[in-house]
Amino acid sequence: MPILEVANITKRYPGVTALDDVSMSFERGEIHALMGENGAGKSTLVKIIAGAESADDGEVIVGGKAFRGMTPLDAKRAGISVIYQELNLAPSLSVAENLFIGKRVGNSRVRPDFGEMNRRAAEVLRELGSNVKPETLVFELSASQQQLVEIGKALVDNCKVLIMDEPSAAIAVAEVENMFRVVRQMRDRGVAVIYISHRIDEVFELCGRVSILRDGQYIATERTEGLSRRGLIRHMVGRELSETFPRRAARVGEAALEAVGLTGNGDFNINLTVRRGEVLGLAGLVGAGRAEFAKMVCGDVRPASGELRVNGRVRRFGSVADALAEGVGLIPEDRKREGLFMDFAIDWNIPSMSFKRLSRFGIVSQKKAEALTDRYVDALRIKTPSTRQAARNLSGGNQQKVVVARTLAAEADILIFDEPTRGIDVGSKQEIYSLMNGLAESGSAIIMITSDMEELLGMSDRVAVMYEGRVTGELTRGEFSQQRALELASGYTA
């Protein structure tokens, strides 16, 4: 008997059917991938399983017991744990306190037994292969260490079903294998692990079966050993994708942006040039300084010294608005916190950095703002029932497109894409890649910061690698090598 089943689940929202009569099952002791494009219904299904949303029709069956209207308490008691992309931890509390939050440890009803809590937490951490101390405050941990704490919470709860939503999105390449080890360990304990990821290579390496949703409908469940990458993509998007990385026919021109001895907080000294018509890939491990460099270039942080030249002229930006006025724009990594006004509509977000240009006597022309919005919704194929839809109601891929549209609408032509495809599906990735290629072909200069090695080597005309605030080397297309990029990212320059 499957440990978890969803039977004939339907969920409707105003103007859209998020799930349409979806049924599938998950077995004990398996890692089962759940895949689909953004907007396919994955997040809605997870929320229904976890009791955060109620289905309009259908039921969730756990260990043979059917729930019509699962609640979060029902899910917890049934042994279902969810690790979301935005981790659900209390940063100012210790690891041990997070592991046992809401649970009585010791005999007192008033005060927990911290000694016993730390001892039990140490056992859990040891089982996870972590050397983190139970007394460590969570905000002091790396992203991967915090993720292990979330998995530890599931262990403490003796979960039967563990749902992981994009677990590798925020951790470094070197830390992914350790996360895989822990996930396999959970599988070997008899836990059903539902693994949601847009990284197809991870799915084939880690998962035994994969179920696919498309446009709110169940498409298929396949064993990964008998499935090709091409076949999986076809199931997901309903069409063939001819190339992972579309070809580009751009002509590289003059220097658009030059950083000369640019320094900031800490041990920074960056020399870098990006030319018109090229995509410059910027690689490096977590903490290498790529994001800090991007913030200095786009006016969010002032450099301590050095020169920034835009189109051959020295410029000093006191703000993001100053940088945009010179055509320099950033598509930030964290689209929800830094790229969008989540509670505002699309027709406010897209023109929001262009209001001055769209205004007369301080009053924004609604007609011009709507025309600008419609132009980029069409050009970027943003899927939405209305431009008055709030940004938070869009899928991750469409949120990313709105961030890009907002920057392009401000007439930026020197663009920094920071992790441009993190957390978005394969179809949306191709659209972002095609967009970047089109911008390069039209003469824009693009810096692409990415931790995805395949993306780095597939999209870049040239790759610059950073280590501890410095560029340790550059690779031309003929020199591209994953091994060489990782060597430079680790500080090995010989």
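This is a predicted model: local features need pLDDT of at least 70, side-chain atom pairs count only at pLDDT 80 or more; totals for chains, interfaces and linings use all residues.
**An open sheet and its helices**

Reader: What order do the strands of the open sheet take?
Author: The order is E16-E19-E20-E13-E21-E22, with 6 strands and mixed pairing. Strands here are DSSP runs (E, at least two residues), numbered from the N terminus. Two strands pair if DSSP finds at least two bridges between them.

Reader: Which strands stand at the edges?
Author: E16 (328-331) and E22 (470-476). Each has a single partner strand, so one side of each lacks a neighbour in the sheet.

Reader: How do E13 and E21 pair?
Author: E13 (residues 279-283) and E21 (residues 462-467) pair in the parallel sense, over 4 bridges. Ala 283 has Val 465 in E21 as its bridge partner.

Reader: Which strands does helix H17 touch?
Author: H17 (residues 482-489) packs on the sheet and touches E21 and E22. Contact means heavy atoms within 4.5 Å. Helices are DSSP runs too (H or I, at least four residues).

Reader: New topic: is H14 mostly covered or exposed?
Author: Mostly covered: 14 of its 14 residues are buried. Buried means under 20% relative accessible area (1.4 Å probe, protein chains only).

Reader: What comes just after H14?
Author: Glu 411, with a positive phi of about 65°.

Definitions and conventions
Residues are numbered from 1 along each chain as its sequence is written. Side-chain values use heavy atoms; hydrogens and water are left out. Axes are lines fitted to C-alpha atoms, for helices over the stretch in contact, and angles run from 0 to 180 degrees between N-to-C directions. Buried means under 20% relative accessible area, exposed over 50%, partly exposed in between (1.4 Å probe, protein chains only).
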